[in-house]
Amino acid sequence: MKKETIEKILTTDLRGWLSSLNNEELQLLQEIRLRTNKPLIIRIDNKEYFLHDNNLWKDDEDVYIVTEKDIKDTIEFISNYSLYAFEDELRNGYITVDGGHRVGLAGKVIVENNKVKTMKNITCINIRISHEIKGCSNRVIPYILQDNRILHTLIISPPRCGKTTLLRDIVRQLSNGFKSNKGITVGVVDERSEIGGCYRGIPQNDIGIRTDILDGCPKTEGMLMLIRSMSPQVIAVDEIGSSNDIEAIDFVINAGCKMICTVHGSSLVEVKNKPILEKLIGKNIFERFIVLESKNGIGDIKKIYDKQFKLMSIVIENQ
């Protein structure tokens, strides 16, 4: 976790508490939420804290209240005093900053011809901390390989359970190579700039030496572009779910490319019952399903299923 890059975008009044965190707490820091005239809320390891005299506080009484100036100054730091230069990002509702952290914004939305034109009077900011946990895929990698062949894999996870972190590490390991497996060319379509955390086009996270990334690109178009232009052996995308995504995945697989992607869901049964995904899973394309659960930490339980939905293994981290 890149502490110094977070300090750069927080005002002096809002950054003091960072120094009180130990290394483990810094690694588990997930979100910093600013809402005008509301308490500052910090989420660490899926637990919510407030701020009292620069210390984390569990109760919401007598805690730091975010001011209009906090919001204004934070936006200026985030945009390097040139918010007008981020019109495309404002239309999408977020800006990716140095370090790969994604800053979500909410305020008055200006609509023109039924399309979002821009946003002004921003009153809410959500700083989502980019994390790299190198090696977090070590225990699942053997299950997505068979006779040195990559298997089509779907990662299923509820929000905040680490599916993007796991996908990023799988991409890194396949790209770099490991043990007896040589590195392969991986294409990443990073629609929300969360896998690579690109800042000015350069991935801030380690996604491997043989990885090509389309940053901020819609998944459907991106998958087709990569097949046509970059000859990937594996394509990785985060959070599939639309009918267009499904058609693009068909195209990728028919092109002979392997697919590794994630989807929101709490179980394999739940995902199988979603109308659009039911159609995709019914085609029997995916050869591995990895379902993340959280008991004591982010994605610390991984259930792995085969093509016939038979449970192959339960991986419990830190045990």
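## Salt bridges across the chain

A salt bridge is a side-chain nitrogen of Lys or Arg within 4 Å of a carboxyl oxygen of Asp or Glu. In this predicted model, the side chains of Arg192 and Glu239 form such a contact, with an N to O distance of 2.7 Å. The pair connects distant parts of the chain, the two residues being 47 residues apart. Arg192 belongs to the loop between β13 and β14, whereas Glu239 belongs to the loop between β17 (234-237) and α8 (243-254). Arg192 counts as partly exposed because its relative accessibility is 27%. Glu239, at 18% relative accessibility, counts as buried, because buried means under 20% relative accessible area.

Another of them joins Lys274 to Glu270, and here the closest N and O atoms are 3.9 Å apart. Both residues of this pair are partly exposed: Lys274 has a relative accessible area of 28%, and Glu270 stands at 33% relative accessibility. Elsewhere, salt bridges that share partners join Arg102, Arg128, Lys163, Arg192, Glu194 and Glu239 into one network.

## A pair within helix α4

The side chains of Lys69 and Asp73 also meet in a salt bridge, at 2.6 Å from N to O. Both residues lie in helix α4, four residues apart, which is about one turn of the helix. Their accessibilities place them in opposite classes. Lys69 counts as exposed, since its relative accessibility is 56%, while Asp73 counts as buried at 14% relative accessibility.

## Charged and nonpolar surface patches

Asp53, Asp59, Asp60, Glu61 and Asp62 form a negative surface patch. Within this group, Asp60 is located in the loop between β4 (55-57) and α4 (68-78). Asp60 has a relative accessible area of 51% and is therefore exposed, the cut-off for that class being over 50%.

A nonpolar surface patch of about 220 Å² is made by Val109, Val111 and Val116. Val116 is located in strand β7, which covers residues 115-128. With a relative accessible area of 38%, Val116 is partly exposed.

## Glu191 and its position

Glu191 is found in the loop between β13 (186-190) and β14 (198-199). Its relative accessibility of 30% makes Glu191 partly exposed. From C-alpha to C-alpha, Glu191 and Val111 are 22 Å apart in space, and they are separated by 80 residues in sequence.

## Overall architecture

The secondary structure of the protein chain comprises 10 helices and 21 strands. Taken along the principal axes, the C-alpha atoms fill a box of roughly 55 × 50 × 35 Å. Buried residues account for 49% of the 319 residues in the protein chain.

What radius of gyration does the protein chain have, and what would a compact globule with 319 residues have? The chain has a radius of gyration of 20 Å. A compact globule with 319 residues would have a value near 20 Å, so the two agree.

Key
Residues are numbered from 1 along each chain as its sequence is written. This is a predicted model: local features need pLDDT of at least 70, side-chain atom pairs count only at pLDDT 80 or more; totals for chains, interfaces and linings use all residues. Side-chain values use heavy atoms; hydrogens and water are left out. Patches are made of residues with over 30% relative accessible area and no salt bridge: like charges are joined within 9 Å, nonpolar side chains (Val, Leu, Ile, Met, Phe, Trp, Tyr) within 5 Å. Accessible areas come from the Shrake-Rupley method with a 1.4 Å probe; for residues, only the protein chains shown count as cover. Lys and Arg count as positive and Asp and Glu as negative; His and the chain ends are not counted. The place of a charge is taken as NZ of Lys, CZ of Arg, CG of Asp or CD of Glu. Buried means under 20% relative accessible area, exposed over 50%, partly exposed in between (1.4 Å probe, protein chains only). The radius of gyration is taken over C-alpha atoms; the globule rule is 2.2 Å times the number of residues to the power 0.38.
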